Amino acid sequence: MYQLNWNLDSIYQGGVNGADFQQHLAEFKKMLQQFTQTMQTLADRALDEKIFPTLTQALDVYQTLLSRQLTLDLFVNAWAADNYGNPTYRPIQVQLEQLATQVIEPEQILQRLLGVMPEPVFQKFVAQPTIGQIKFSVQEMRSTAQRLLAPATEKLLKQMQLDGLSAWSSHYETLVGGLTVKYVDEHNQEQTISAGQALNEIDGYPDAKVRARIMQAYEQMWTQVEDLAADTLNHLAGARLTEQRARHETDFLAEPLRLNRMSQATLEMMWQVVEAHQVMFKPYFKRRAELLGVTELGWQDQTAPLGTLGNYQPQKMSYDETAQLIIENFAKYSPKMAQFAQNAFEKQWIEAENRPGKQPGGWMESVPDSQESRIFLTFTGSPNDAATIAHELGHGFHTEVLKNLPYLRNDYAMNVAETASTFAELVVNDANVKKAQSDAERVALLDAKLANPIAMFMNINARYRFEQQFYQERKVGYVPASRLNEMMEAAQKAAFQGTLTTWHPHFWASKLHFYADDVPFYNFPYTFGYLFSLGIYTWAKKQPDFEAAYIALLQDTAAMTTEELAQKHLHVDLTQPDFWEQGVKAIQADLDEYLTLSAQFVK
């Protein structure tokens with residue numbers, strides 16, 4: 001039997017206060033000090049070919065430093081997620097954040113050296129065989145140098161982020177960690193659950209009346225702290241906009257587009273196709289209401305269990321059954337992907353226990369020093385849980401195929417990061433549907449599968465609409481909680497095309513993604529990744545050796561722009577509608593089947 005808890009001791013024994021972690025932390029500090037001294041020395045060197053060996057070695061040390069930094073961060077953050085709200089880990093997280101700012105100075109010296117290197121010398125440098133695999137990253141570093149401010153200013157900015165951007169992001173986590181929801185269940189018993197558990201119940205509580213109570217209580221909970229959340233969100237955005245202005249960037253989308261290595265034309269085309277087809281989900285929502293036996297759908301009813309369809313009774317899957325389903329179906333596309341998943345389950349790389357005291361949500365992080373991954377989520381046994389685990393394993397497989405490449409080749413953008421995860425999720429969702437033993441079961445599983453495109457076309461689109469409006473208004477001044485609620489509700493109504501009758505105006509407060517300090521506009525990459533993976537899924541079925549072709553694509557995700565990646569491996573132009581429309585057709589096929597099969601179960 002697979003264990004529901006992860007093993008962190010295989011990274012560093014003894015926890016964050018253990019000798020193993022402390023030794024590796026000390027080594028990191030020493031390595032950082034030596035790297036800083038090396039870069040300060042290089043800053044005074046002539047920029048000719050004589051500098052190539054030392055500069056190449058410095059790039060190697062830089063990558064080793066980043067690998068160790070991510071491993072240390074993951075370890076502490078994993079313990080903190082496992083014991084959410086425990087103040088023990090915050091001081092160590094702050095220490096690592098402070099060390100991260102110290103990496104910035106030598107990193108920027110490196111970027112500036114590459115930035116001012118004469119073009120003929122630079123071209124000779126990147127033409128070296130030792131640089132070949134990281135050429136794109138080195139070119140990006142040269143471009144980054146053009147946006148850098150004076151060294152002293154850059155140093156001050158990064159130090160201020162500790163008590164600015166990063167601090168407000170951490171403040172949000174502290175705020176959420178202490179929140180609870182009280183509601184009365186179907187037996188008239190009062191229940192108290194954490195904010196993270198409330199999210200699970202809103203999505204999956206079987207009793208419609210109780211589900212509505214939980215949703216109402218959840219909104220009330222956020223109402224009580226909305227001013228604190230609004231302060232946090234405003235200060236996060238304010239800090240980000242201030243830095244963007246300092247770098248002479250007037251468009252708040254410039255940074256997220258650059259981080260995702262994609263063009264404005266690609267983003268606009270994707271949303272143009274999405275918004276043109278949101279209406280296709282209206283019949284689905286109408287049918288969902290009929291199957292639930294209600295006249296109207298509220299926000300909390302989007303993914304609610306359909307209940308009894310004919311004689312079909314939804315069955316929960318055990319953790320072992322879920323693992324087997326994932327491994328077997330990964331193997332149909334890629335034996336290496338299946339082997340990776342099996343390793344993750346057997347070696348306890350996954351924390352899945354359903355218990356209080358855990359961080360809400362789910363994530364995957366690589367452990368580059370040991371060439372492993374760690375996955376965090378809460379398993380309840382639903383078909384959606386199988387898809388969630390598959391999603392995170394997809395992320396893990398992405399890092400797995402890069403482990404023998406230079407570390408900078410692991411620096412893929414968020415939009416393509418969501419490609420491998422969503423592809424893995426599609427594989428498992430399709431497998432769930434295909435193994436259905438009756439029309440009723442097939443409808444239930446199709447319903448679970450369709451939750452994903454609905455989220456991508458509607459929920460994520462609402463987030464994007466909200467965030468655009470918020471940043472426009474934040475450029476002018478502080479945006480109070482009441483206005484944030486108005487903007488969020490308006491965005492939801494526009495994206496959901498009138499399919500729901502109650503909304504979640506405090507979604508801006510409840511969604512962790514809005515409070516990330518490292519990635520602005522933490523929304524559109526999900527829709528991109530979903531539609532891109534649909535294209536890959538269709539492409540996969542035409543490949544004589546899919547595994548090799550897929551791994552080649554993943555290995556290039558940090559070696560070129562998004563548009564170049566699509567052109568090289570899929571032979572498509574992302575600035576044109578054809579590729580995106582292909583994904584729409586696949587979704588429409590599922591919708592058509594769902595509507596046809598479910599008609600017999602209308603109450």
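## Terms and basis

A residue is called buried when its relative accessible area is under 20%, exposed when over 50%, and partly exposed in between, with a 1.4 Å probe and protein chains only. The model is predicted, so local features need pLDDT of at least 70 and side-chain atom pairs count only at pLDDT 80 or more, while totals for chains, interfaces and linings use all residues. Residues are numbered from 1 along each chain as its sequence is written, and side-chain values use heavy atoms, with hydrogens and water left out.

## E392 in helix α16

E392 lies in helix α16, residues 383–400 (helices are DSSP runs of H or I with at least four residues, numbered from the N terminus). E392 is buried but has no salt bridge, and K511, the nearest side chain of opposite charge, is 10 Å away; Lys and Arg count as positive and Asp and Glu as negative, His and the chain ends not being counted, and a salt bridge requires a side-chain nitrogen of Lys or Arg within 4 Å of a carboxyl oxygen of Asp or Glu.

Setting aside residues up to four places away in sequence, E392 touches G362, W363, M364, I375 and L377, where contact means heavy atoms within 4.5 Å.

## F136 in helix α5

F136, placed in helix α5 (residues 135–144), is buried, with a relative accessible area of 16%. Apart from neighbours within four places in sequence, F136 is in contact with R261, A558, A559, M560 and T561.

Note on methods:
Helices (H or I, at least four residues) and strands (E, at least two) are DSSP runs, numbered from the N terminus.
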